[in-house]
Amino acid sequence: MIKPALVHSLSDSVNTRTSAIMSFNRYVISIGAIAIALILAFDLKTFLVFYIFALLLTSEQFKTPLKFIYSCFLKPIGNNADQRSRLDSFYEDQAEVYDATRGRLLRGRLTMLKVTAEQLKKQMTNTSRKPIWIDIGGGTGWNIEKMNDFFPIEQFDKVYLVDLCTPLCKIAESRFKAKGWNNVYVICDDALAFKLPEIEDDIGKFDLVTMSYSLSMIDNFYPVINRIKTLLCQNGLFGIADFYVSGRVVNNNIQVQQGYYCNWFTRWFWQIWFEFDHINLHPSRRNYVEYQFNTIKCFNGRNHFLIPYLVQIPYYVWLGTTKSLTSTSHTNLTTTLSTPEDSFVVLEHLD
């Protein structure tokens, strides 16, 4: 005799399987109907294109670049009240894939970190105190993690990451927590108004300030540069990696370096292109930095992004100081640096 509970169990199992089969059949019928509609509306070739594109969307290998392309080039930024909301809107869909998609686009960051670390080691040789570093516009914390390869994070007294974008700051907090770095702080605030924990008076307290592809994204950049100048201690270092375009007229000793000048098409095209994403490459930004600080090292390059020798995005690596650390000679010394990115030629200015 079959027990009632067993009958109910078998009945439920049959009903569940029947429901699953019916759902699957509806799914197959729906997909088939869409496929037939596409074939009838277009042709077999068009259908195959749609089908292949659908497969790419579901493939883990292509999700990251497709998400990057959509977020950077297709997604409308919309009308936002301020820069914070604009950045949050722009990066919220790509925060998790930010580092995976920026390696080839944001060139020179490793070089900037390496030359900065080498210079910092020289300056800290005759002192027992640990340096303090602030990375403005540090985003996901990629710079701080990579700096550990050149200058261990444990050897810093404090490290501060300042960024206005909430989604990117959350990634940075998770990254540093996983590393177990208790001396690294994430400050989600404006580059001009931020306040730092454990430092009441920040005037002249920092040995190093870096900006990696963030100077070009700050709207009101003049007071930010002025504040950085007040943050740095005597002989404090300021490192930058960013996009740029030169002016039409070059009349500065710093600007006659190899590769600095951009032709008229490069100047206008890249300024207009990047302004769609609220990135400003006007030469006034770099000019003001070089006016306020003494240049130690710099490099002007072209990023052959995606299409070699056809797409050439101007970028630069720059290291400066609040006070000259070099001699009074005006000779340029060319030094070749080998980094995980590439081999870069850095011009060292001997004042």
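**Surface and interior**

Analyst: The protein chain has an accessible surface of about 19,300 Å², and 58% of this belongs to carbon and sulfur atoms. Accessible areas come from the Shrake-Rupley method with a 1.4 Å probe, and for residues only the protein chains shown count as cover. This is a predicted model, in which local features need pLDDT of at least 70 and side-chain atom pairs count only at pLDDT 80 or more, while totals for chains, interfaces and linings use all residues. Residues are numbered from 1 along each chain as its sequence is written, and side-chain values use heavy atoms, with hydrogens and water left out.

User: What share of the residues counts as buried?

Analyst: Of the 351 residues, 45% count as buried. Buried means under 20% relative accessible area, exposed over 50%, and partly exposed in between (1.4 Å probe, protein chains only).

User: How many helices and strands are there?

Analyst: The protein chain has 11 helices and nine strands. These are DSSP runs numbered from the N terminus (helices: H or I, at least four residues; strands: E, at least two).

User: Which residues touch the most other members of the largest nonpolar core?

Analyst: Trp-133, Ile-144, Met-147, Ile-153, Phe-156, Phe-243 and Ile-313 do so, in a core of 42 residues. Such a core is a set of buried Ala, Val, Leu, Ile, Met, Phe, Trp, Tyr and Cys residues joined through side-chain atoms within 4.5 Å. Helix α6 gives the most to this core, with six residues.

User: And what does Ile-144 touch?

Analyst: Not counting residues up to four places away in sequence, Ile-144 touches Trp-133, Asp-135, Ile-153, Val-159, Leu-161, Phe-176, Trp-181 and Val-184. Contact means heavy atoms within 4.5 Å.

User: Changing topic, where is Gln-292, and is it buried or exposed?

Analyst: Gln-292 lies in helix α11 (residues 284-292). Gln-292 counts as buried because its relative accessible area is 16%, under the 20% limit. Away from its sequence neighbours up to four places off, Gln-292 touches Ile-225, Asn-226 and Lys-229.

User: Then Trp-268: buried or exposed?

Analyst: Trp-268, in helix α10, is exposed, with a relative accessible area of 53%.
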